[in-house]
Protein chains: 2
Amino acid sequence: MQPIYLDNAATTQVEPMVFEAMLPFLSDEFGNPSSLHPLGVQAKRALDRARESVARTLGAEPSGVIFTAGGTEANNLLIKGVLGGVLGGVLGRAGQKRPDPGKEPHVLSSKLEHASVLESLAVLGQDCRVEWVANDDLGMIDEKELLSRVGERTRLVTLLWGNNEIGSLQPAERLARAIKSKNPRTVVHFDGVQCVGKVPVRLRGTDIDALTISGHKIHGPKGVGALVLGRRVELNPLLSGGGQESGRRSGTENVAFAVALARAVELAKERLSEQVGLMARLRDRLEAGIRSSVSGVRLNGDPKNRLPHILSLSFEGVVGEVLLHHLERDGVYVATGSACSERKSEPSHVLREIGCDDGRARSTLRFSLSRRTSEEDVERALDVIPRVVEEVRLVVGELS
Amino acid sequence: MQPIYLDNAATTQVEPMVFEAMLPFLSDEFGNPSSLHPLGVQAKRALDRARESVARTLGAEPSGVIFTAGGTEANNLLIKGVLGGVLGGVLGRAGQKRPDPGKEPHVLSSKLEHASVLESLAVLGQDCRVEWVANDDLGMIDEKELLSRVGERTRLVTLLWGNNEIGSLQPAERLARAIKSKNPRTVVHFDGVQCVGKVPVRLRGTDIDALTISGHKIHGPKGVGALVLGRRVELNPLLSGGGQESGRRSGTENVAFAVALARAVELAKERLSEQVGLMARLRDRLEAGIRSSVSGVRLNGDPKNRLPHILSLSFEGVVGEVLLHHLERDGVYVATGSACSERKSEPSHVLREIGCDDGRARSTLRFSLSRRTSEEDVERALDVIPRVVEEVRLVVGELS
């Protein structure tokens with residue numbers, strides 16, 4: 001029996017059409033885009049086409065697309081690239097002085113962010129003044145507080161558009177407009193890694209300056225992503241060298257994966273209207289099915305403003321990781337939280353920030369769907385989940 | 001007629017066995033190595049096996065292997081990672097003070113380095129004291145000068161093991177031993193991107209602390225490389241986030257390409273003894289064939305200490321780029337210099353550093369072989385090259 005994969009927020013299977021698109025560049029069309037002979041020119045053209053496609057699909061200019069090795073690199077590039085430029089120093093302009101205390105660039109973010117944002121901001125440390133905007137218990141940013149904090153010195157606002165653990169979806173376009181109306185020079189960045197293919201994502205006509213996307217969350221391969229700029233943003237590169245990607249990201253371009261990313265983004269958009277309603281219905285069916293047959297289940301995240309594919313539930317009295325392993329024996333693959341935190345011992349920072357105590361955080365599972373998830377998958381999962389929760393609870397009861 | 005590809009120093013074709021090794025991880029075995037369910041565990045095991053294989057093949061510990069998106073990232077990680085840690089600041093420890101003038105960490109490198117090293121050192125700017133060790137006109141580092149400059153404060157020596165433009169090969173192991181005997185705390189780094197599969201490359205038993213390798217130069221895909229550490233080197237990560245690669249390089253791991261890199265490194269080593277002699281003989285045949293039938297040809301680089309696959313020749317009175325395009329019409333694909341500098345207008349910095357004037361630098365072609373280059377390729381190329389050089393010279397003569 002094929003396992004039922006409900007961990008698509010961690011990673012997705014490469015779509016056959018995406019695989020086919022990149023295949024030539026892993027075999028005969030292997031040129032280096034910087035080479036001047038026909039094999040190089042062919043590779044350069046493929047890369048240009050991929051760039052144009054990503055730009056067109058997301059409403060940006062080709063010059064705004066910087067291919068990276070993934071979402072983490074795109075977030076690092078944006079944060080360290082923008083703030084490194086302000087700060088000078090190791091990442092920035094040689095010899096430039098550090099800002100005087102009290103005159104550091106101001107950054108706004110939230111404690112619900114992905115680790116790549118939190119850790120990038122931590123590295124900048126005392127060289128910027130980072131303020132954390134409050135959120136409510138549904139995982140929604142406090143809009144009023146956010147706007148009240150945007151000031152003259154606010155260099156960057158960086159926020160997760162759709163939360164990878166609980167699915168809460170920020171009103172990115174409205175927030176961007178409001179931020180820009182307070183300070184047009186503030187760079188507005190959203191991490192849209194979980195949003196592409198799930199909600200309409202488009203830069204043109206919005207005040208979003210920069211968007212992070214990732215291939216492997218949308219049926220592309222692991223190891224590719226992009227930072228997509230909606231307008232000119234001065235960036236200091238993280239990777240220095242041959243000057244590829246217009247000097248913003250050096251290193252021989254991964255042509256095959258750039259082509260794959262472009263195809264994955266195209267397919268995500270083409271299928272958005274057709275698939276998202278279905279995905280949301282299946283997510284609702286899964287939620288209703290579990291809640292109607294299992295007691296002590298609580299939803300994490302916003303029941304209204306949410307991504308269609310992520311369902312975070314806490315199961316009273318059980319340890320999420322134990323439940324996960326029992327479910328896997330019956331062929332249902334889920335997560336306890338974000339993939340990158342699963343091998344750590346601390347409970348999820350996102351769940352803590354929305355007010356879950358440790359017990360509730362540790363009793364949480366994340367179910368995540370994709371457009372490849374079928375009704376049958378959900379029904380089969382619903383045959384398994386209530387029974388397994390009951391079994392685990394019985395064991396816990398006997399032990400205590 | 002299949003073109004004759006003599007640009008293998010720019011990039012190589014993916015070997016079918018390498019492609020097959022990574023294929024499962026681009027299709028059914030698509031788990032995120034951080035996921036706890038069986039698909040994740042399977043991916044994690046594949047990644048671990050790839051890491052062990054790279055370590056074993058290059059004589060290091062698995063914990064010393066950091067997978068990156070390529071050679072450029074590995075060089076950036078080593079240089080900015082080592083020096084960022086000393087300097088503190090944007091890349092390093094928050095709040096740490098900059099060193100007092102005159103007490104900056106000392107770095108030794110050469111002007112023959114790859115752009116990713118030169119530009120990384122340029123970014124560090126006034127925060128370190130970078131000294132450039134002299135080289136001779138054959139592209140060999142001045143050993144005595146290098147050693148005389150290693151001192152108490154020398155934090156890092158970073159050098160290109162085998163030059164990508166002219167093929168000159170430094171005595172890396174001897175240099176490392178001598179550097180360490182002067183200062184055991186100096187980090188000794190070699191960029192071995194062009195060396196794997198061409199000369200024996202092994203860290204264990206040497207004083208080399210860190211080695212950069214790249215997949216696409218050795219019949220692996222573009223978009224993967226590694227920094228391989230021979231002993232513990234304190235590194236500040238460039239990419240912050242979920243803590244993958246033992247916290248030294250965050251971001252969901254590109255499992256498929258890590259597996260591909262491991263296979264490419266294994267094959268490079270397995271075939272080293274069998275293929276390298278052949279490669280060198282074909283390179284010698286190419287050189288002799290050209291020099292015997294074309295006048296005004298000069299070799300760049302060291303005729304003795306050199307990589308077996310790179311041949312840099314200057315053709316008096318012709319412009320390299322013009323010659324390149326004439327050769328491509330007859331199906332011979334070559335380069336004017338390093339791939340990443342080909343689209344720039346300045347002549348090669350390497351050729352300038354070995355004493356070529358602009359005219360000679362601009363009249364240079366790089367021919368580069370791989371273990372897939374056949375005797376027939378070389379003979380066919382030799383049918384074409386002398387004739388095309390003569391044609392181009394005739395046109396130049398008529399015009400002048």
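Predicted model: local features only at pLDDT ≥ 70, side-chain atom pairs only at ≥ 80, totals over all residues.
Which residues in α4(A) are buried? They are A:A115, A:S116, A:V117, A:L118, A:S120, A:L121, A:V123 and A:L124, where buried means under 20% relative accessible area with a 1.4 Å probe, protein chains only. Residues are numbered from 1 along each chain as its sequence is written, chains are lettered from A in the order in which they are written, and side-chain values use heavy atoms, with hydrogens and water left out.

Because 8 of the 10 residues of α4 (residues 115-124) of chain A are buried, the rest of the structure largely encloses it. Helices here are DSSP runs of H or I, at least four residues, numbered from the N terminus. Just past α4(A), A:G125 takes a positive phi of about 50°.

Now for the interface. In chain B, 82 residues are in contact with 82 residues of chain A (heavy atoms within 4.5 Å). The two chains bury about 6400 Å² between them, 61% of it on carbon and sulfur atoms; that is accessible area (1.4 Å probe) lost on putting the two parts together, summed over both.

On the side of chain B that touches chain A, α1 (16-22), α2 (38-58), α3 (71-87), α4 (115-124) and α9 (320-329) each supply at least two residues. The largest share, 7 residues, comes from α4(B).

Terms used. Buried < 20%, exposed > 50% of the residue type's maximum accessible area, 1.4 Å probe, protein only.
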